[in-house]
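Have the sequence and the model open as you read.

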Amino acid sequence: KGRKVVTLLIVAVAFLTGLRMVRSFALSIAQENHDANVALDQAEEQKRVKQERNADVAAASAFAKVEPLLTVTTSKTATSLPKPEVGTTNPEV
């Protein structure tokens, strides 16, 4: 009977030691996975910010090229339209 108790005690200690080792290994894998995911997220965020910055620069450049045309067109249109008289109705409506 004494040998069974000693055997069970040895098996329990070995099981707990093995379990502790497996948990430690799983934790290290999870931490490495988390670190890799954070690095990927940072790389994607940097890429997104760079693309957004490039798009903003392109939009500003395009608007700078078109803006003089808009002001000329707006001023020509405003001067060429007849001013409505007060009290008249618009027959087109």
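Where is the place of Leu-69? Leu-69 sits in helix 1, which covers residues 2-80. Helices here are DSSP runs of H or I with at least four residues, strands are runs of E with at least two, and both are numbered from the N terminus.

Before going further, a word on what you're looking at. This is a predicted model, where local features need pLDDT of at least 70 and side-chain atom pairs count only at pLDDT 80 or more, while totals for chains, interfaces and linings use all residues. Residues are numbered from 1 along each chain as its sequence is written, and side-chain values use heavy atoms, with hydrogens and water left out.

Zooming out, the protein chain has 1 helix and 0 strands. Buried residues account for 0% of its 93 residues; buried means under 20% relative accessible area, exposed means over 50%, and partly exposed is in between (1.4 Å probe, protein chains only). The accessible surface of the protein chain is about 9000 Å², and carbon and sulfur atoms own 65% of that. Those areas come from the Shrake-Rupley method with a 1.4 Å probe, and for residues only the protein chains shown count as cover.

Back to Leu-69: it counts as exposed because its relative accessibility is 55%. Together with Phe-63, Val-66 and Leu-70, Leu-69 makes a nonpolar surface patch of about 370 Å². Patches take residues with over 30% relative accessible area and no salt bridge, joining like charges within 9 Å and nonpolar side chains (Val, Leu, Ile, Met, Phe, Trp, Tyr) within 5 Å.

Now for the charged side chains. Side chains of opposite charge can pair when their charged atoms come close. A salt bridge here is a side-chain nitrogen of Lys or Arg within 4 Å of a carboxyl oxygen of Asp or Glu, and the count by that rule is 2.

Look at Arg-48, which meets Glu-45 in a salt bridge at 2.7 Å, N to O. Both lie in helix 1, 3 residues apart, or about one turn of the helix. Arg-48 counts as partly exposed because its relative accessibility is 40%, and Glu-45 is partly exposed too, at 39%.

Arg-48 also forms a salt bridge with Glu-52, with the closest N and O atoms 2.8 Å apart. Shared partners join Glu-45, Arg-48 and Glu-52 into one salt-bridge network.
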